[in-house]
Structure formats: structure tokens, C-alpha cells
Amino acid sequence: MEQAVPSSPLEQVRSRIATAARIAGRKADDVTLIAISKTKPAEAILDLIAQGQRVFGENRVQESQDKWPAIRAAHPDVQLHLVGQLQSNKAEDAIALFDCIHSVDRPSLVTALAKAQDKLGRKVPCFIQVNIGNEEQKGGCAVAELPALLTQAREAGLEVVGLMCVPPAGIEAAPFFALLDKLADDNGLSRLSMGMSDDFETAVQLGATHVRIGSALFGKR
């Protein structure tokens, strides 16, 4: 009996995650698929929700505030993750709106998020973003600064659950994913937010627990 070929982009991505996980001796259920819906209209998001997708990611607080309250009112089981850079003055808005923040990368943001959590009485799991390729134009803390930032975040009361990275474009991502995995292990963290549409299978094979997929689900921007 022939195996059914996945038909929708969502089914295709899920199948590829499952295959990559199996190769690595992992379970597909250990990997959370975050559908990156930045710039996408509500109609496209609702289509994925109808297909069973429940975790989405956005880059900007303002766009999310405009787009997501109505969607979440209709679908309260959907989770919303912030994967883009976060300005400290938007920390309170982010804590109020998002279920997870992937881009904690500097002491001033740690302070702002801790203050916002205390004010709102709401704890939001966080990933520390590491500038894994030491690129000037990218966010993320330097590898050497990770232990100090992690200590500060924990002492401030943030629930740091893992590390996030965006490897340099145009070169093999595997060494950077492997380094993030080692950094997480060295610092007692179990979750890795790494891998996007072009490299998520490699990321899954190297330990990703969260992959951030946009174009493979929604099409090129």
C-alpha cells in the first residue's frame, strides 16, 4: 500500500520534521513547529489554524497587537510567540500579549521584562538569543556574555527555558546549531529555538525543540 503524499505545505513541513527527528533518534512530538506569521493577513493564519496549527510567531509587538486579539478571542488555545527583536519600552506590551519570548539579548531588556512581569503578575517563558555568528548587524548576546546575562535573568525572576539563534546566512548552519546545543547544555537549559525554512531539518537533527517556519508554510514574502 502506497504511503499518502502530504498535500498541504503544513503537512509537508510536519512530515519533514518527523523524518529529521527519526534520523536523529528523536520523536517528532519533541519539536514544536512555530508558524511565523509576520506580515501575513488573518485569513492565512486562520487557514493554518483550521488545519490544526496552534503555535504562531510574530516579529513585532505593534503588528501583533493589531492582528491577534480577534484571532485569539476566537481560538483561545492558540499560542503566540515573539521571535523578533524587542525594544525595552515594549516589554510590558510583550508580556501582556505573548506566551513566549525568544529574543532576550541584553541586560536592559531583562530589567524591563522583570519589571513588566511584576506589574502584570504574569510570567512568560523566555529564550536568550545568542549572536551565534558574532555578526554586528544581528541581535543576540555575545557567546562570552551568555553566562552573565543568564545569571542576571534568573536572578531577576525570568523563566529562562532555552537559547535561540539565527545563524549567518549563506553558509552551513550545522556548526552554529551544534554550538548552541553545547551552550545550552553547559548552562543547564533544555530547549533550543533554532532552524527556519531553509535549514530546519538540520536543526532538528542537532537538537532543536522549536523551529521557526515562515516561507515554507506561507510562501515567499
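User: Which helices and strands do the buried residues of H7 pack against?
Analyst: Quick background: this is a predicted model, where local features need pLDDT of at least 70, side-chain atom pairs count only at pLDDT 80 or more, and totals for chains, interfaces and linings use all residues. Residues are numbered from 1 along each chain as its sequence is written, and side-chain values use heavy atoms, with hydrogens and water left out. Helices (H or I, at least four residues) and strands (E, at least two) are DSSP runs numbered from the N terminus, and contact means heavy atoms within 4.5 Å. The packing partners are helix H6 (146-156), strand S6 (160-164), strand S7 (191-193) and helix H8 (200-205).

User: Which residues of H7 are buried, and within what arc do they fall?
Analyst: Buried means under 20% relative accessible area, exposed over 50%, partly exposed in between (1.4 Å probe, protein chains only). Phe-176, Phe-177, Leu-180, Leu-183 and Ala-184 make the buried list. Taking directions from the helix axis to the C-beta atoms, these buried residues line one face of H7, because they fall within an arc of 120°.

User: Where is Thr-39, and what is its phi?
Analyst: Thr-39 sits in the loop between strand S1 (32-36) and helix H2 (42-50). Most residues other than glycine have a negative phi. Thr-39 isn't a glycine, yet its phi is positive, at about 70°.
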